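Have the sequence and the 3D view side by side for this one. We'll start with a pair of side chains and then work through the strands and the surface.

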Amino acid sequence: MKVLAINGSSRKDGNTAILINTVFKELRQAGIKTEMVQLSGTIIEPCKACWACGGRKNCVHKKDMFQEIFQKMTQADGIILGSPVYTANISANMQAFLERASVVTDMNRSENLFRHKVGAAVTAARRGGALNTLDAMYHFFMLQNMFVVGSSYWAMAYGQMPGDVRKDEEGLETMKNLGQNMAYLLKVLEERRNR
């Protein structure tokens, strides 16, 4: 089993990456492979509404990392989306990525590209906007027939400067619980598929 995380932060290895890695630690302890893709330093182009993705199972534009990341998503058993709060919402790169991914899956609906995969989302917030940010990422999972993992609280931690989230003990505990719950659900689903 494998979980792919997409970190939509503009800061490489910043607070959002720390939160994802906290979840990853629990997944790895359960024997689940992990990989993080960081969008920092890249630009994900917005959807051009050309509909050329129909029947191709991926976007045809080759100007950015979208195709490679999307392909990894289709092969993963679980997906973690992570974004800091930017103006009470997800980052622009994450927004563009999810819009394109949604259009590709919609244009290839019969393929069920993400059906029954497990999804989780995390966010780092300075103050407000965390729930809007989580909702935007959770909506993607729900539109894809995915199972969404919960935790002991909203999957958020407070921090502005890189490393600040390490001071939010409750936030880190929430991430650990999220990782344990994700591992549990992935294993239950795998057992069911192997019956």
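Which side chain meets that of Glu111 in a salt bridge? It's Lys57, with 3.4 Å from N to O. A salt bridge here is a side-chain nitrogen of Lys or Arg within 4 Å of a carboxyl oxygen of Asp or Glu. This pair links distant parts of the chain: Glu111 sits in the loop between α3 and β4, Lys57 in the loop between β2 and α2 (66-75), and they are 54 residues apart. Helices (H or I, at least four residues) and strands (E, at least two) are DSSP runs, numbered from the N terminus. Glu111 is partly exposed, with a relative accessible area of 38%, and for Lys57 the relative accessible area is 38%, partly exposed. On this scale, buried means under 20% relative accessible area, exposed over 50%, and partly exposed in between (1.4 Å probe, protein chains only).

Before going further, a word on what you're looking at. This is a predicted model, where local features need pLDDT of at least 70 and side-chain atom pairs count only at pLDDT 80 or more, while totals for chains, interfaces and linings use all residues. Residues are numbered from 1 along each chain as its sequence is written, and side-chain values use heavy atoms, leaving out hydrogens and water.

Back to the salt bridges: the count comes to seven. One of them joins Lys72 and Glu68, whose closest N and O atoms are 3.7 Å apart. These two are four residues apart in helix α2, so about one helical turn separates them. Lys72 counts as partly exposed at 24% relative accessibility, and Glu68 is partly exposed too, at 45%. Salt bridges that share partners tie Lys2, Glu35, Glu68 and Lys72 into one network. Elsewhere, Asp164 and Lys167 meet in a salt bridge (3.4 Å, N to O), and Lys167 is exposed, with a relative accessible area of 67%.

Now find strand β4 (residues 118-125). Eight of its eight residues are buried, so the rest of the structure largely encloses this strand. Val118, Ala120, Val122 and Ala124 point one way, while Gly119, Ala121, Thr123 and Ala125 point the other, and all are buried.

What does β4 pair with? Two strands pair if DSSP finds at least two bridges between them. Seven bridges join β4 to strand β3 (residues 78-84), and the two run parallel; Ile79 has Gly119 as its bridge partner in β4. To get from β3 to β4, the chain passes through helix α3 (residues 92-107), in a right-handed β-α-β crossover. Right-handed means that, with the strands pointing away from the viewer, the path from the first strand over the helix to the second runs clockwise. β4 also pairs in the parallel sense with strand β5 (residues 147-148) over two bridges, where Val118 has Phe147 as its partner. With strand β6 (residues 156-158), the parallel pairing has three bridges, and Ala125 stands opposite Tyr158.

Strand β1 (residues 2-7) runs parallel to strand β2 (residues 33-38), with six bridges joining them. Here Asn7 stands opposite Gln38. Together with helix α1 (residues 15-29), β1 and β2 make a right-handed β-α-β unit.

Leu131, which is in helix α4 (residues 130-143), is partly exposed, with a relative accessible area of 39%.
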